Every structure is written in structure tokens, then in C-alpha cells.
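This report goes from the chain as a whole to one helix, then to the ligand shell and an annotated site.

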Amino acid sequence: MTKSNRFNHLKSNTLTKTTVASSVPAQAKSTAPLRSLKQMGWNGFFQQQLITESLDYAYVARVSAHHRSQYQLLTESGETSLAIHQAMPEMTVGDWVLVDEQHNFVSLLERSALFSRKAAGSKVEQQLIAANLDWVFIVSSLNDDFNVNRIERYLALVNEAKVTPVIVLTKVDLCDDLSPFIEALRELDANLLIETVNGLDSESTTALSSYCSEGKTVAFIGSSGVGKSTLVNAMLGDSSQLTSAIRQDDSKGRHTTTSRSLHITASGGLLLDTPGMRELQLADCEEGLNETFADLVEYAQQCKFIDCQHEQEPGCAVQAAIEAGLLTERRLQSFQKLMREQALNGASIAEKRAKGKSLSKMYKRVQGNARANKRG
Ligand SMILES: Nc1nc2c(ncn2[C@@H]2O[C@H](COP(=O)(O)OP(=O)(O)OP(=O)(O)O)[C@@H](O)[C@H]2O)c(=O)[nH]1
Ligand SMILES: [Zn+2]
């Protein structure tokens, strides 16, 4: 079957119940109101991955929580669960899956975005944190806690995950002069999306509703005390959404009550809130760093040596840009610190020693790739 006729029947405006098998299993039971796939975040990117044949016996579901032995799923008929088997791929909150009527896993749909980290003590194991997000709010308060280096770190993580970042500056009610904060952010990227809010004032937080519109999935990251929980509560409106839970049988047949990590917000979007998102560390995000420091990487491509570390090497275009006032020394230091940090966090202890020695190799690889991409 050719690609075109395989997808002929799938039109982007048919994102309704009729595009999937109508018989979602009767087991689905929920205290939450029913939602259409579109309201759960379904869009053309996922639709075009569906193959007609599978729709005759499978239905679409979104992972709303990940427990030890099962995934919790949101379907158009309510919530259900999927027992974890070895043969299944690793999945995470936000993933879209096909499941058959006997509750067997059929397939995992390709992700539009993914947050992951290396599992502790393991060289290769990836721990998946969240999938298919549309926006991530990087939250920082407008006071002494505001830290540009920290925001750069979050930007690298969000860019690496292929999600669009929005900087949310909280506690605007306690701030007399916004301009130094905005200027510092504009220095990172003149096109950054920035919102200023008072999390305690519902009128002020409506600015975030436009991102969290029907079918859009958002998450918050930021350090402790900046006001994330306050914003989460404001966006969920009806607090019952936060505690909404389903009863399910655990492996020993006992009833357990578990809460989900994917919530419907008052503005109709989805809010993904897991401990993993809150504890994100920088690891293996060279691409994310390159995007976050695109200005610096651009200069680095003009350096005489491909593995230039932008310290005292002759012909360093990065140092020249700093001298010419085109780039700040702070930004170079932040880039170098984050490059080192992500390399070390992503490595095992044995690898760490080796990686410490081979920073120049890493520069060579990153800057070499950037040069190659530019040529290509
Ligand atoms: N004045 C003012 N206070 C705020 C604002 N947002 C949050 N707060 C207060 O700041 C404190 C911390 O807010 P939280 O929402 O708990 O912060 P958090 O980021 O969730 O912190 P963790 O739970 O530790 O991660 C609380 O006392 C909030 O009431 C704001 O915009 N203005
Ligand atoms: Zn250089």
C-alpha cells in the first residue's frame, strides 16, 4: 500500500470519535468528565501515524500516570489501565498508545517531544519523564531568586526536549522595576516568550490560559518557592481536578486509589505535573545547549581551531565577540559550566574521569557538528 492511499481516509478535520474504534472497553471507569481525543491533546501529528487496519481492532489512549505495574490511560470513554509487560516499550505520562479491546498493548505512537534523563547508576538506561508537551513554563520569581544562569539551564533542557519554552516571572506584585529582569532575558534571546504574573491574582494568571488552550499540554519547571504550585492551582481552577482519582486493582487484587499526573485545566488545556518534571537535571543535552546558546555557537564556528575552548587560543572568535561587546563574558562562562555539567551528569562514575579529560573532544564534536550543519 502506498503512503498516500494508506492515509487517504485520514483528514485532519476528522479528529473525532469516528476515527477510532468506537468500542472502548467497558472497563474504563472514571470520576472525570468524558473528553474527546482532541481535548486530550490529539492532533494531526499523531493522526497521520494511524494505519487503517489497526483502527478496526484498536483504540487510542493517552498515558495519564505511570505506576509500578501499570499505566493509567485516558480514553474517550473515561480512564482505564494497562498492565506493564516486558515486551512493551518504555512509556511515560503524555504518551499516546493504541490498545486493543482485550486491553492488550498494540503500539506506541511517535512522540512530538520528550523529556528524559539517564537513570541513576546506569550507562545507557533512559528514564522517561514526560512526552508530547506543547509548552513548558520556566518559572522564576521577580526577586533575589531570579538567576539568569539557572534560566539558561532550564532553556537547554526544554530546547533539548523539543518543546517551546515560556518564561513566567512570578511575584510581579512585589517588584518595583521589571526592566532589569526583562533586559537580562532579552540578552539570552530577543525572541523569548515572557509573561509576568501575580500567582495570587486570578486575573493576572489568565495570561497563561492562552497557552493552555484546548488540546495543548503544558508543564511547569522552576526551583522551590518560585510559585509553581500556586500557578498550578490557579490554572486548574476547580481543585477537585488535582485530587481526582480512580480506583483500580493492584496485582494482589487489592483496591488502590491513585491520582493521575495529567490534569484538565480550567481553560481546557492539559497540565502535566509529575515529581520528575520538578527535579529535572541537566544531562546529555548538547543539542539543547546549542540552541540555547545559538549566538555563541555561531561565533565559535569562526574560531581558528575546531576544538577551541574559547580561553586563550589564538584566533578565538568568541573572545573577539566579547571584546567587541557583542557577547557577555557571563554567557560564555555559563555555556562552559553547563556543557561540563551535562557531560558529567550524563556519565557513569568511570566515564566521569575520562570525560573530565576529554572536554576538548566534546567541543570538537559539538562545534564540528554545528559547522557541518551550517555547510549542509
Ligand atoms: N506575593 C506573591 N506571592 C506568591 C506569588 N506566587 C507564589 N507566592 C507565594 O510564594 C510561596 C511559594 O509558592 P509555591 O507555589 O508554594 O512555590 P513552589 O514553586 O510550588 O515551591 P515548591 O513546592 O517548593 O516547588 C507561597 O507562600 C505563595 O503564596 C506571587 O505571584 N506573588
Ligand atoms: Zn574560540
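The text below describes the fold, a helix, the surroundings of a ligand and a group of annotated residues.

This is a predicted model, in which local features need pLDDT of at least 70 and side-chain atom pairs count only at pLDDT 80 or more, while totals for chains, interfaces and linings use all residues. Residues are numbered from 1 along each chain as its sequence is written, and chains are lettered from A and ligands numbered from 1 in the order in which they are written.

The chain holds 15 helices and 15 strands, where helices (H or I, at least four residues) and strands (E, at least two) are DSSP runs numbered from the N terminus. Of its 376 residues, 38% count as buried; a residue is buried if 20 or more other C-beta atoms lie within 10 Å of its own, exposed if 12 or fewer, and partly exposed in between, with C-beta atoms placed from the backbone. Among contacts between residues at least 6 apart in sequence, 67% join residues at least 24 apart, a contact being a pair whose C-beta atoms, placed from the backbone, lie within 7 Å.

Helix α4 spans residues 148-160 and reaches 18 Å from its first C-alpha to its last, close to the 18 Å expected, the expected span being 1.5 Å times one less than the number of residues. Ten of the 13 residues of α4 are buried, so the helix is largely enclosed by the rest of the structure; among them are I151, Y154, L157 and E160. After α4 comes K162, whose phi is positive, near 65°.

Around ligand 1 there are 15 residues, of which G199, S224, G227, S229 and T230 come nearest; a residue is near a molecule if its C-beta atom, placed from the backbone, lies within 6 Å of it. The largest share of this shell, three residues, comes from helix α7 (residues 228-236).

The UniProt annotation "binding site", from an unreviewed entry, covers C303, C308, H310 and C316, and such annotations may be inferred rather than shown by experiment. H310 lies in the loop between α11 (294-300) and α12 (317-323), and C316 is found in the loop between α11 and α12.

Notes:
Contact = placed C-beta atoms within 7 Å.
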